[in-house]
Structures are given as C-alpha cells and as structure tokens.
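The exercises below are meant to be worked through with the sequence and the model open side by side. Each task is followed by a solution that goes step by step.

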Amino acid sequence: MTARLIPAACDATGRREQPLRITVNGEPLDGIAGQSIAGVLLAAGRPSWRTGPSGAQRGLFCGIGACFDCLVTINGDRDVRACLRRAHDGDTVHTQRRDGAHHSGDQDASTVPRDSDSPDGSVL
Ligand code: FES
C-alpha cells in the first residue's frame, strides 16, 4: 500500500478531484472527496496517530474496520474508525489518548501516556 495521493490526471479510473479540508488537532489537512479520514492522514504523511497499550504507534492496520487501531474523534464523536469514515469538508478530527483525553495540536503521539499511566487501565 502507498501513502501517497495519486493525482487524478494519472489515475486510470478517470476520477475527478473535489478538494476538501479537514482539521486534525487544529492543523488543516487537504484531501479529496471520497477519501477516508485515514486516507487523508496517510496522504499527508502521517502513518500513525494513536498509541497502543504497549506504547507502540498505531494508525492504519487492517483498513477494513476490524482492528480498531485507527480510532479518532470526529466532530466530537469519540472512537470513530478512521479507515471507515469518509472525510467531509470541514470535519474536525482529534487524535485520542488512552486516558480519554485528546492530543493537543502541539503534542505528538510519543508523549501519550501508556497504560500504566491510565488510572483505570481502560482499553479502547
Ligand atoms: S485500521 Fe483496522 S479498524 Fe481501522
């Protein structure tokens, strides 16, 4: 799988691009209509946006809604699978931390608390 966006002019399917813009932790990211939230993130060069129980970086794993590695908050709805959710212009996305908080725009996933930091040890 490639994380880059293939320009419409090079796409053999003949698709036309309709641009959209979402914000992720306050940062605007551009995509095209039809992309999933995970697709917009990958095309922007973000292979991970969550931290797993071991502290390992998580992002797209199965890509079909089975593993829940790609959870994000979209327009206030928590635990949305980014691989299944089609991006819409104006969507507001927040990456999630294991303690239930959101990542702030200036915090990268490497500073996300691990399970041992979570008061209840909850699992998403
Ligand atoms: S990548 Fe597995 S559920 Fe989204």
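**Exercise 1: the open sheet**

Strand β1 (residues 19-24) is joined to β2 by 6 bridges, and the two run antiparallel. The model is a predicted one, in which local features need pLDDT of at least 70 and side-chain atom pairs count only at pLDDT 80 or more, while totals for chains, interfaces and linings use all residues. Residues are numbered from 1 along each chain as its sequence is written.

Solution. Strands here are DSSP runs of E with at least two residues, and helices are runs of H or I with at least four, numbered from the N terminus; two strands pair if DSSP finds at least two bridges between them. Next, follow the order β2-β1-β7-β5-β6, in which 5 strands form an open sheet with mixed pairing. The edge strands are then β2 (27-32) and β6 (77-81), each of which pairs on one side only.

**Exercise 2: the hairpin**

Task: identify the partner of T51 in β4 and describe the turn between the two strands of the hairpin.

Solution. First, strand β3 (residues 48-51) and strand β4 (residues 57-59) run antiparallel and are joined by 3 bridges. Within this pairing, Q57 is the bridge partner of T51. Finally, 5 residues lie between β3 and β4 in the hairpin, and G55 in the turn has a positive phi of about 95 degrees.

**Exercise 3: the helix and the core**

Task: decide whether L42 is buried or exposed, and then examine the largest nonpolar core.

Solution. Locate L42 in helix α1 (residues 37-43). L42 is buried because 24 other C-beta atoms lie within 10 Å, where buried requires 20 or more other C-beta atoms within 10 Å of the residue's own, with C-beta atoms placed from the backbone. Although L42 and L60 are 18 residues apart along the chain, their C-alpha atoms are separated by 8.5 Å.

Turn next to the core, a set of buried Ala, Val, Leu, Ile, Met, Phe, Trp, Tyr and Cys residues joined through C-beta atoms within 7 Å. The largest such core has 17 residues, of which I37, A38, L41, V72 and A82 touch the most other members. Two or more residues come from each of β1, α1 and β5 (71-74), and α1 gives the largest share, 5 residues.

Conventions: Buried ≥ 20, exposed ≤ 12 C-beta atoms within 10 Å, placed from the backbone.
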